[in-house]
Amino acid sequence: MTHHTKTPVVFVRDGAVFANSRDVAAYFSKQHKDVLEAVDNLLKNNTAEFSAMGNWFVKQHEPHPTVPGRALRSFDMTRDGFTLLAMGFTGQRALAFKLRYIEQFNAMEAELKAQAERPPTLTEAAQAAARVLSPREVNAWRGYLDTVSRIFDRQIAARQYPKTPLPALAEEAAVFLPVPQGGIRVPELDGMACLAHLLKARVSRTNLTLGDLLRVARGDTITRNTLGDVGVRVDPVNLRGTVAFAVSHPRMQRAFAGTPWAEDWSLALLSVPGARPAPDLLEGFDRKRRAVLVPWETVEGVLADGT
């Protein structure tokens with residue numbers, strides 16, 4: 001059974017606009033397997049003459065929600081890829097639906113262009129801001145950057161950061177580190193306190209804390225896999241020496257309920273010394289997710305302090 005979604009879904013990654021095949025299938029009330037088959041048929045013609053087509057469809061895999069070891073695939077499509085695919089969609093409403101999708105591509109690409117060309121009017125404010133920002137002002141600017149990050153991506157938000165009155169960053173990798181000048185510490189952005197709270201959170205039916213599980217996870221595969229179920233990965237592939245904390249995850253949400261970090265703990269964790277965003281979506285959770293990488297030595301230091 002298929003369900004039609006009311007609004008075409010597009011998103012930004014690495015400065016380009018994409019639509020995912022699952023969202024396209026839902027919008028056009030089609031079975032996703034049929035959309036996959038249509039893309040596969042197009043890619044069979046990906047000869048040297050049509051070599052650009054290989055860049056229009058980016059294959060994605062995510063773990064099956066109920067079948068361990070099985071992966072579900074989809075395609076992220078550029079505007080050209082979507083347009084080529086949609087040529088085969090017919091029916092009474094197909095033309096209108098195609099036009100709405102193209103309108104969404106146009107709108108998102110226009111916004112990206114406007115973001116790139118917008119005069120850096122906030123830079124002057126940042127240079128002139130000699131006074132200490134209040135916690136309310138810090139949170140307001142943090143909210144602005146967070147909104148940019150959610151609508152577009154963290155790279156665009158990072159480029160906007162120097163245009164705000166927030167203090168200069170100590171490390172380029174930490175995109176959102178607003179500890180205001182003068183030493184004012186805003187609870188929502190206190191990364192070490194956020195990490196300490198998370199390590200004390202009880203995340204298993206045996207009443208163990210996340211810190212308890214992490215103490216044995218490096219040498220125990222079963223425990224390591226258990227952590228993936230609660231939004232944490234130990235030593236992810238090609239990212240050894242780090243602990244990955246999911247940017248969004250229902251179990252993590254429960255751990256932070258009622259705290260200053262409930263809305264977005266990733267902003268606080270990024271202020272932990274040495275923390276950085278994971279370069280790509282990470283596997284090993286319930287599905288591929290964005291994550292913040294924290295050095296193992298930092299986590300071990302917090303554990304040693306009594307967590």
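Okay, let's start with a definition: helices (H or I, at least four residues) and strands (E, at least two) are DSSP runs, numbered from the N terminus.

Before I go on, a word on what we're looking at. This is a predicted model, where local features need pLDDT of at least 70, side-chain atom pairs count only at pLDDT 80 or more, and totals for chains, interfaces and linings use all residues. Residues are numbered from 1 along each chain as its sequence is written, and side-chain values use heavy atoms, with hydrogens and water left out.

So, the overview. The protein chain has 13 helices and eight strands. Of its 307 residues, 42% are buried, and buried means under 20% relative accessible area, with exposed over 50% and partly exposed in between (1.4 Å probe, protein chains only). Now contacts, meaning heavy atoms within 4.5 Å. Among contacts between residues at least 6 apart in sequence, 58% join residues at least 24 apart.

S29 has a positive phi of about 55°, although it is not a glycine. Is S29 buried, exposed or partly exposed? Partly exposed, at a relative accessible area of 28%. N238, in the loop between β5 and β6, also isn't a glycine, and its phi is positive at about 65°. N238 counts as exposed, with 73% relative accessibility.

Let's go to the strands at the start of the chain. Strands pair through backbone hydrogen bonds, either parallel or antiparallel. Here, two strands pair if DSSP finds at least two bridges between them. Strand β1 (residues 11-13) is joined to β2 by three bridges, and the two run antiparallel. Look for F11, which stands opposite F18 in β2. These strands form a hairpin with two residues between them, and in it D14 takes a positive phi near 55°.

Which other strand does β2 pair with? That's strand β4 (residues 71-77), again in the antiparallel sense, over two bridges. Over there, N20 stands opposite D76 in β4. And how enclosed is β2 (residues 16-20)? Four of its five residues are buried, so the rest of the structure largely encloses it.

Now jump along to the helices. In helix α8 (residues 191-200), the buried residues are G191, C194, L195, A196, L198 and L199. What covers them? The cover includes α9, β6 (242-246), α11 (250-256), α12 (265-269), β8 and α13 (296-304).

Between α8 and α9 there's a loop, and T209 lies in it. T209 is buried, at a relative accessible area of 9%. Leaving aside neighbours within four places in sequence, T209 is in contact with L199, K200, A201, R202 and V203.

Next, helix α9 (residues 210-217) packs on helix α10 (residues 221-229) at an angle of about 140°, with axes 8 Å apart. Axes here are lines fitted to C-alpha atoms, for helices over the stretch in contact, and angles run from 0 to 180 degrees between N-to-C directions. Angles under 35 degrees count as roughly parallel, over 145 as roughly antiparallel, 65 to 115 as roughly perpendicular and the rest as oblique. That is why α9 and α10 are oblique to each other. If you want the residues, L210, L213, L214, V216 and A217 in α9 meet T223, R224 and L227 in α10.

Last stop, the other sheet. An open sheet of four strands has the order β5-β6-β8-β7, with antiparallel pairing. β5 (232-234) and β7 are at the edges with a single partner strand each, so one side of each has no neighbour in the sheet. β7 is joined to β8 by two bridges, and P277 stands opposite V292 in β8. Lying across β5, β6 and β8 is α13, running at about 70° to β8.

Finally, A278, in the loop between β7 (276-277) and β8 (291-295). Buried or exposed? Buried, with a relative accessible area of 16%. Leaving aside neighbours within four places in sequence, A278 is in contact with A291 and L293. A278 and R289 are 11 residues apart in sequence, and 9.6 Å apart in space, C-alpha to C-alpha.
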